[in-house]
Amino acid sequence: MSSDPPKAQNKTLHYVLILLMFACTGFTIARLGGVLMGWLDIERFSWQYWFMWVALLPLYNVVLLLFSLVFGKFQYVREKQRRTWRRIKKLFGFSDKSGQ
């Protein structure tokens with residue numbers, strides 16, 4: 001008899017870890033954005049406000065990868081990010097190096 005947990009428990013744990021990882025990432029970026037707004041004296045709903053949140057998107061990806069490393073889901077998140085970027089490139093007409 002194996003001591004491995006049933007697949008349903010593994011799947012549930014996987015989804016719980018994914019949700020925690022995204023929650024931690026979102027909270028971190030929101031707090032960082034708030035601190036930056038105060039530090040840079042940016043008023044809410046000004047053009048700088050919207051520009052700052054768009055500028056934080058690449059940082060969100062980096063923080064997401066860091067939290068995925070902490071939660072043990074790095075491979076999963078990295079593959080999802082690669083797939084997403086491939087789709088974005090394809091949408092805007094950029095092709096992969098391999099010509100696929």
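Helix α4 comprises 18 residues and spans 26 Å between its first and last C-alpha, close to the 26 Å expected at 1.5 Å a residue. The model is a predicted one, and the values reported here were computed from it. The helix covers residues 74-91 and includes lysine 80. With a relative accessibility of 36%, lysine 80 is classed as partly exposed, because that class lies between the limits of 20% for buried and 50% for exposed residues. After α4 comes glycine 93, which has a positive phi near 85°.

Although aspartate 41 is a residue other than glycine, its phi is positive, near 55°. The relative accessible area of aspartate 41 is 68%, and the residue is therefore exposed, the limit for that class being over 50%.

Phenylalanine 45 is likewise placed in the loop between α1 and α2. Its backbone shows a positive phi of about 65°, although phenylalanine 45 is not a glycine. The relative accessibility of phenylalanine 45 is 54%, so this residue counts as exposed.

Definitions and conventions
Residues numbered from 1 in each chain as written. Predicted model: local features only at pLDDT ≥ 70, side-chain atom pairs only at ≥ 80, totals over all residues. Heavy atoms only, no water. Helix = DSSP H or I, 4+ residues; strand = E, 2+ residues; numbered from the N terminus. Buried < 20%, exposed > 50% of the residue type's maximum accessible area, 1.4 Å probe, protein only. Expected span 1.5 Å × (residues − 1).
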